[in-house]
Structures are given as C-alpha cells and as structure tokens.
Amino acid sequence: MDGDNQTVVSEFVLLGLSNSKNLQVLLFLIFLLLYLLIMSGNIVIQILITTDPHLHSPMYFLLANLSFVDMLLSSNTTPRMIIDFFRENKTISFAGCMTQIFFSHCIASGEVVLLALMAYDRYVAICKPLHYFTIMNLKRCTGLVLTSWTIGFLHGISHVVVLLQLPFCGPNKIDSFFCDMPLVIKLACMDSQDLNTLMNGECGILAVTCFILLLISYTYILITVHQNSKTGASKALSTCTAHITVVMIFFLPCFFIYVFPLNITWLDKFLAVFYSVITPLLNPVIYTLRNKEMKNAMKRFIGKFLRAKGNS
C-alpha cells in the first residue's frame with residue numbers, strides 16, 4: 001500500500017465478549033464479583049505472609065510475590081473489560097493498546113519464571129533440606145524475584161518494539177476484550193503470518209523452557225519422596241500438590257494461546273479469561289485451602305483481630 005493513501009490507526013475497537021445487552025449486564029456482575037474476590041483474596045495472602053512470623057520463609061516470600069503478580073495480571077485487563085460492558089464505543093488508544101500488550105507479556109512471562117523458581121524452592125526444600133535456608137536465603141530469593149521481573153520486562157518490551165515498527169493503515173477491530181499481540185499483528189497492513197509465528201515462537205521458548213525446568217524439579221522431588229519414609233512422602237506431596245495445580249492451571253491456557261494457537265475465536269476468549277481472571281482467583285483458594293500453615297495463620301490473624309476488637 002502506498003504511503004500517501006495510508007491512514008495511521010490512532011485507536012482500536014475492542015469487540016468484547018458478547019454483543020447481547022442482557023448478557024453484558026450478567027457478565028458485568030460476574031466479573032465485578034470475581035475481580036473483587038481476586039483483589040481481596042490476594043491481599044489477604046500478602047497480609048498474612050507479611051504479619052505472621054511463622055510464614056517468614058522462602059516459600060512464602062515467593063508466594064507473596066506470586067500473589068502480587070496475580071493482582072497485576074488481572075488488573076491489566078479486567079477493570080477495563082468490566083467498564084466496557086456499559087460502553088457503546090469500546091475503543092482503546094494506540095498507546096493504550098501497546099501499554100496493555102507490554103504489561104500482559106511482562107507480567108505473564110514474569111509469572112512463568114516465578115512458578116519455575118517456586119518449583120526450584122520446593123526442590124531444594126525436599127531434596128536438600130539441611131542446606132535449604134543457606135541456599136534460599138533472603139538475598140538469593142530477592143535476586144531470583146528480580147530476575148523474574150527483568151525477564152518479564154525484556155520479554156514485554158521486545159514485543160512492543162516489534163509492534164511499533166508495523167504499518168497499521170485501516171483495520172482496527174480486535175475480536176477480544178483486550179489488546180493481545182497475535183490479534184494486533186493480524187491488523188497490520190502486511191503479510192503477518194511469519195511474524196506472528198516468530199513472536200509466538202518467542203513466547204513458546206520461554207514457556208517451554210520454564211515448563212521443562214518445572215518438570216525436572218518435580219521429577220527429582222518425586223524420586224526423593226519415593227526413597228523416603230511414607231510420612232515424609234505424604235507431607236512432601238501435600239506441599240507440592242498446590243504448586244503443581246497452579247502450574248497446570250496457568251500453563252495450559254498459555255500453551256494454547258501462544259505455543260499451539262488453535263485460532264478459534266470463542267475458545268481464545270475463554271482461555272484469555274481463564275488465565276487473566278480465573279487463575280488469579282484460584283491461586284489464593286488453592287494455597288489457603290490446601291495449606292495447613294496458611295489456614296493456621298488465618299486462624300491466628302482472626303483471633304488477634306477479635307481480641308483487639310474486644311479490648312477496644
């Protein structure tokens with residue numbers, strides 16, 4: 001297309017989840033409730049870990065960071081989706097779209113790395129228990145978390161840099177509730193198939209690498225558990241079950257969106273909702289209901305609150 005006839009796109013139109021007015025009201029109520037639960041559940045986890053001395057350990061330090069990342073992941077897309085249910089003109093500026101893509105990939109890739117680090121933490125705790133607090137000291141844990149954020153930042157900024165080089169000359173409708181890289185690349189005025197494959201490949205390399213590291217960690221854990229007593233095995237497996245559950249819930253949608261895209265619109269929307277809304281909601285539930293120490297910390301916190309209220 002000639003540059004003289006080319007119109008620069010200044011905004012994109014988000015088609016959302018549904019065109020039905022009645023359904024949009026129902027979806028508004030559902031997602032508003034889910035978002036409030038996500039924020040409150042993850043805030044509770046962070047308060048418990050911060051205030052309870054029994055939870056001042058490497059595992060819970062990483063869990064507090066995971067909880068914070070989940071809040072950011074959901075907040076990047078969910079509030080706008082909720083507001084858009086009552087907007088006739090669901091537009092987002094070009095800069096706003098690029099910003100949303102950056103944070104989506106920065107936060108999600110950071111969480112992928114963080115989940116791998118949490119698996120490494122469990123590996124050290126179960127396979128090298130005598131050296132656990134030496135290896136996973138506060139300085140190292142802080143460095144590992146910063147590493148996850150650095151990888152996330154580089155991953156996110158690399159996508160935005162590529163997108164800013166593309167020509168957008170007219171098509172601006174995105175069939176989703178937020179700006180996502182594959183959908184935006186399709187709107188570029190060029191043959192974008194190879195580029196889309198390349199960008200998905202970059203996402204796939206990060207996801208598959210972290211997933212392989214997860215598998216290695218849990219394989220060593222299972223071997224160690226198998227060699228130990230039944231009591232130790234039961235406790236170790238109980239500790240790891242929550243981590244494995246969270247990993248599967250987060251990784252499966254990401255694999256089918258970026259690594260092995262199915263290109264089925266309704267399924268892509270469902271998977272996007274799942275990893276941006278359902279996963280951040282399930283994480284606090286999984287970690288509190290399946291974790292005895294978290295449940296005890298909750299009881300202690302409620303007890304302190306009731307005593308403080310009684311004294312006042």
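Modeller: Happy to! In this predicted model, the largest nonpolar core has 97 residues, and those touching the most other members are Phe12, Phe31, Leu63, Cys97, Val184, Phe250 and Phe251. Helix 4 (residues 94–127) supplies the largest share of this core, with 19 residues.

Let's pick out Phe250 from that group. Not counting residues up to four places away in sequence, Phe250 touches Leu73, Ala108, Glu111, Val112, Leu115, Tyr275 and Thr279.

Phe12, also among the residues with the most core neighbours, takes us to the sheet, where Ile92 in strand 2 is its bridge partner. Strand 1 (residues 11–14) pairs with strand 2 through three bridges in the antiparallel sense. The whole sheet is open and has three strands in the order 2-1-3, with mixed pairing. Its edges are strand 2 (91–93) and strand 3 (173–174), each of which pairs on one side only. Helix 4 comes back in here: it packs on the sheet and touches strand 1, strand 2 and strand 3, and its direction makes about 85° with that of strand 2.

Ser67 sits in helix 2 (residues 58–75) and counts as buried because its relative accessibility is 2%, where the cut-off is under 20%. The Ser67 side chain makes a polar contact of 2.8 Å with the side chain of Asn42. Leaving aside neighbours within four places in sequence, Ser67 is in contact with Asn42, Ile45 and Gln46.

Note on methods: Residues numbered from 1 in each chain as written. Predicted model: local features only at pLDDT ≥ 70, side-chain atom pairs only at ≥ 80, totals over all residues. Heavy atoms only, no water. Helix = DSSP H or I, 4+ residues; strand = E, 2+ residues; numbered from the N terminus. Buried < 20%, exposed > 50% of the residue type's maximum accessible area, 1.4 Å probe, protein only. Polar contact = N/O pair within 3.5 Å; in protein donor to acceptor, adjacent residues only side chain to side chain. Contact = heavy atoms within 4.5 Å. Core = buried A, V, L, I, M, F, W, Y, C linked by side-chain atoms within 4.5 Å. Pairing = 2+ DSSP bridges. Axes fitted to C-alpha atoms, helices over the stretch in contact; angles between N-to-C directions.
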